[in-house]
Amino acid sequence: MKKLTYLLLAALVAVSLTACGGGQETSGGAKVKGTQTVAAEGVDTTEQQPLVVDKEAKTVKVFAKLNGKYTVEPTRHGLNFHEGKYGGQALFTSYANQANFHDALMAIGAEAGNNLTPDTAGQTIEGSVLDVTISWEGAPKEYKMTELVLDSTGKPIEYKFGGNHARSIDAFTGCLACFDSCPVGITSNHHQHQGAFADKEVEFIGNKDVLPADGTPVIVTFKLL
Amino acid sequence: MSIAPTNRTFQFIFGILNAGFFSFIFSLSLANALVKWTWLDMRANLGAMVPVFVGIAIILFLLNQFFVLDHWLIWEKRYVHASILVGGPLTLLIVQSFQWDRLLIVPAYVLRQGIYMPHLSLSQMNSAILVIFIVGLLSHLFYQKQLEEGRKIMTKAQRNSIFAVVGISFVFVLLYFVQPGIRYFINDASAMLAAADIEAFRDYLLSFGYFAPIVSALLMIFQAVLAPLPAFVITFANGMLFGAFWGGLLSWSSAMLGAALCFFIARSLGRPAVEKLVSKSAIEMTDKFFQQYGKQSILVSRLLPFISFDVVSYAAGLTSMRFWGFWIATGIGQAPATILYSYLGQTASGSVKILFWIFIVTICLAVIISAWKKKSSLAKQISA
């Protein structure tokens, strides 16, 4: 009886010590979700190194792949991290984490607008203006985003650095670039107000006459103007 | 057209392929039709309906083989499979506006996203759809329904409860795979529970505002039914957030719901299987034991923290013990631990873990010593 009691006590103490020792990191600030893809400098943009920053040229390059579905169906997502909730719902699937992309834009000196919240429907995004271009192997030239996406209202697509750092981490939709002003996406199109797509005021479809085949790797370049 | 069965195994394989084929055609065309609803397409991975529907059809086929639930295999009815064969491809053609390029892109993309294989090309996916269609059609032609005779011991109540369990599981699995928000919510909460990160879990619950108690209760039920996760993290966090009394009451009542659900699942799916597999005399013997000692066994097992709460609930559902006896014993047995964890959660001092383990050791020792004493007195009685 005594032996059994001692044995059981020893086992319980051992288990409790193990459990007490296994401390967990605390979430003091916003904890970045998904694989980290910290920006590198002076290297090629590839699937393995999907985020490259050039502080001198003030550019951030993102490796992505074309999603053919949205050359025939409408979407409001331009460029989304593939691990995010809506990674499969964007015209371009990014291999860079949206949180790291935010940091990369800050590193080139872009200023975040941070003017939208979920309750600001009807307003447009503010922040530094970004020139967004896309290139791929065999492309005749480097295209502007507005040449590759058909906006049903005919307005051009022009991106601003919205910021939304904490909200983008919390929601983890994975949005790097949205087609209408967005309180979650890191960058979004300031020519369409928040809620324009949801309210069916506008549709965005990839221009299949210009875009390459589904799955083609592309480099999306964000240049600070 | 069908041929006479020459081999039971082949019939079984053809049956599975047939179930998979019709659920595949149906769910793929349904997912493609739903893509046209842009609001939903922006929020859901509609392609995930395909593996979920195929999975559930195969599970239904297997359940049918075991429990003889013939009328559930709806795709085996002539008018249903004819409708799917004609209606499925027609739906695809209509929703893609009879445009060849759309037909080559959207169904393949939807399926690729649904099975989480982004590295495959659309032409590979289209080839796979073609192969599935041909193999499925051939399987359908060669399949002839053949049911196991077996012991038809299923009552209507048993059939209904199996139907309820399968139906609810289907909805849950569908939501999990189709809606990324739900999937991430469950995965995040599970990771926090698995890591026993009480403070992080409390903050996570707080982020749901007024819905925090509902989320907490749902997670308690989820961990009881599906995942071997530590429930005490939820109880601690409830104590921290809502105080010892209300937090304790929330933890206790949601754990009671979880236990009832585990019991019901085991009674619905497991008990008929046990009755079919085990001999009548063995069932009678074990049933007699549980009728006599079931409540006491449950009470003691609830007091011992190293015995899995969920396994006990499932095991009890397999026996013949009455639900109310099980539930009352569970309620009484889990009360001491719930009260203490909730109180510790409310005080949330640095010594929480030490007090927690002191409590566990004390309870274990108390139960073991009382069991030992009872055994010794029995032995004395026998020897006398």
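1. A note on conventions. This is a predicted model: local features need pLDDT of at least 70, side-chain atom pairs count only at pLDDT 80 or more, and totals for chains, interfaces and linings use all residues. Residues are numbered from 1 along each chain as its sequence is written, chains are lettered from A and ligands numbered from 1 in the order in which they are written, and side-chain values use heavy atoms, with hydrogens and water left out.

2. Chain B has 15 helices and zero strands. Both are DSSP runs numbered from the N terminus: helices are H or I, at least four residues, and strands are E, at least two. Of its 384 residues, 45% are buried (under 20% relative accessible area; exposed is over 50%, partly exposed in between; 1.4 Å probe, protein chains only). Take contacts between residues at least 6 apart in sequence: 74% join residues at least 24 apart. Contact means heavy atoms within 4.5 Å.

3. Helix H1 (8–35) and helix H6 (122–142) of chain B each give two or more residues. H1(B) gives the most, with four. B:Leu17 sits in helix H1 of chain B and is partly exposed at 34%.

4. Over all chains there are 29 aromatic pairs. Rings of Phe, Tyr and Trp (its six-membered ring) pair if their centres lie within 6.5 Å; planes under 30 degrees apart are stacked, over 60 edge-to-face, the rest tilted. B:Phe185 and B:Phe208 have centres 5.6 Å apart and planes at 75°, so the pair is edge-to-face. B:Phe185 lies in helix H8 of chain B, and B:Phe208 in the loop between helix H9 and helix H10, 23 residues apart.

5. B:Phe323 and B:Phe326 have centres 6.3 Å apart and planes at 45°, so this pair is tilted. Both lie in helix H14 of chain B, three residues apart. B:Phe323 is partly exposed at 23%; B:Phe326 is buried at 0%.
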